Amino acid sequence: MSEPESPSTRGGSRESVEHPRNFGARAAAVAVASAIIDQGFIAYFAGGCVRDEILGLAPTDFDIATDATPDEIAKIFRGARGVGESFGVMLVRWKDRVVEVATFRADGVYHDGRRPSDIRFTTAEEDAHRRDFTINGLFRHPTTGEIVDFVKGQEDLAKRVLRAIGDPVARLREDRLRTLRAVRFVARFELTVDPETEHAICDAARDLVGVSRERIGGEFRRMFSHRTRARAVQLIEKWGLDAPALGESNSTGPCERVERIPDEASFGTVLAAWWLDRRGRADSVKPGEWRSTLNTSGSEWKQCGEILDIIATLEGSWEGLSTAQKKRLAARMDFNSALSVLFGIDARRVHEIRLEVDGLALEPGGLAPMPFLTGVDLIALGHAPGPKFKAILEQIYDRQLEGHVTSNEQAVVEARTLWTP
Ligand code: ATP
Ligand code: MG
């Protein structure tokens, strides 16, 4: 849930990797909601899960909204515990699942476009009105399936329109992350945008600067994990959200690389593709600032840098590399991701490189054979580890990759001749 900031707001993506229809999560949510209803309270599925099911999609999570207070939830479910207590959200364990149960609430005045000063418990209708967009403001009875709609969300879903609930300017200003959420929903569900809502998004765009990096990064990760990410990039740039999100000036260039990377591309790959779409070349300054502005993890960041580095070498001149250099490059873990990024602007070249790499992979030992010469051999020859030691290992390995050294014995002989004082 990407609710307004609280000390316990969870970061990261919750994309489901379990059963494709997420039956287990749904069954747990039905059981929890039914147990609340059995105690005389109201309990609905709320927000995104209702929207997704109406669209025929498998929800990633099922949130329950209820008139039972957190204390009452704690009495019904032993072991239920509060999360973001100030928002009245409880986590209820059901078998091996955890279900989020939130008491209907109204948000007080928002502080600095990020979080409400306070909340109070209220009715389902008021709870629907504190949500961001009409398509996210629906409730559904967990067992009868009846839809409870206070915000005309069904109508907008049918028309595939994104519309803010209430006054768009006020709603987009009070929590500025909603501008990025808007991008995600429009891209993901292929929506059009109500003109007033679109105007309000552009109006609030520059204030995204004040939103936490964790929340911004979380939204990017979610929208970039879907195949509609190129649409998201276009909207981000069109609405001027790139400047405040990335800490650089707005640009609305073509998005050829992002458009053509594989659906399942990693976050690091998408970032590399987007970086190149915005700058043109891989050898320009590396996206150091994106690391903190998009709150990337160390490994995502490393992968993005690796891909840009490989592309810079490929663009420099693949043809000019020796066989050993080609094999070393092609054996790098992110080589295929780099090719998938390059594909967007030069499919023919990628095809040629792939053919050549396939040929190299068929040579004895493949792209990355076990070295014939190791440190143990050099130590046996009486040498101590150090820079020269390492350089000789590399040189002999290059000769092996070129096909000139074909055995351990030959490697040792060559190492001896190379080691001149
Ligand atoms: P996803 O499919 O990615 O889970 P979602 O719409 O379910 O998208 P969540 O972050 O899971 O988004 O939030 C659940 C619901 O809570 C939303 O559908 C919406 O009703 C409400 N909500 C979440 N974040 C906000 C916000 N920033 N402002 C207003 N309402 C929000
Ligand atoms: Mg959700």
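**Close-up views of the predicted model**

View 1. Although Lys-152 is not a glycine, its phi is positive, at about 60°.

**View 2. Arg-160, a second residue with a positive phi.** The loop between H5 and strand E12 (161-162) holds Arg-160. Its phi is about 55°, again positive in a residue that is not a glycine. Is Arg-160 buried, exposed or partly exposed? Its relative accessibility is 34%, which lies between the limits of 20% and 50%, so Arg-160 is partly exposed.

**View 3. The seven-stranded open sheet.** The strands run in the order E3-E4-E5-E2-E1-E10-E11, and their pairing is mixed. Strand E3 (81-83) and strand E11 (147-149) form the edges, each pairing on one side only. On average, neighbouring strands of this sheet are turned by 40° against each other, direction ignored.

View 4. Strand E4 (residues 89-94) and strand E5 (residues 97-103) are paired in the antiparallel sense, over six bridges. Trp-94 stands opposite Arg-97 in E5. Helix H1 (residues 23-38) packs on the sheet and touches strand E1 (43-46), strand E2 (63-66), E4 and E5. The direction of H1 makes about 45° with that of E5.

**View 5. Thr-66 and its surroundings.** Thr-66 belongs to strand E2, one of the strands that H1 touches.

**View 6. Helix H15 and its cover.** Helix H15 (residues 298-317) has 20 residues. From its first C-alpha to its last it reaches 29 Å, close to the 28 Å expected at 1.5 Å a residue. Its buried residues are Glu-300, Trp-301, Gln-303, Cys-304, Ile-307, Leu-308, Ile-310, Ile-311, Leu-314 and Glu-315. An α-helix has 3.6 residues a turn, so residues three or four places apart point the same way.

**View 7. The whole chain, for orientation.** The chain has 21 helices and 13 strands. Its C-alpha trace spans about 85 × 50 × 35 Å along the principal axes. The radius of gyration is 27 Å, whereas a compact globule of 421 residues would have a value near 22 Å. Buried residues make up 51% of the 421 residues. Of the contacts with a separation of 6 or more, 65% join residues 24 or more positions apart. The chain exposes about 19,400 Å², and carbon and sulfur atoms supply 52% of that area.

How values were computed:
Residues are numbered from 1 along each chain as its sequence is written. Chains are lettered from A and ligands numbered from 1 in the order in which they are written. This is a predicted model: local features need pLDDT of at least 70, side-chain atom pairs count only at pLDDT 80 or more; totals for chains, interfaces and linings use all residues. Side-chain values use heavy atoms; hydrogens and water are left out. Two strands pair if DSSP finds at least two bridges between them. Helices (H or I, at least four residues) and strands (E, at least two) are DSSP runs, numbered from the N terminus. Axes are lines fitted to C-alpha atoms, for helices over the stretch in contact, and angles run from 0 to 180 degrees between N-to-C directions. Contact means heavy atoms within 4.5 Å. The radius of gyration is taken over C-alpha atoms; the globule rule is 2.2 Å times the number of residues to the power 0.38. Buried means under 20% relative accessible area, exposed over 50%, partly exposed in between (1.4 Å probe, protein chains only). Accessible areas come from the Shrake-Rupley method with a 1.4 Å probe; for residues, only the protein chains shown count as cover. The expected span of a helix is 1.5 Å times one less than its number of residues.
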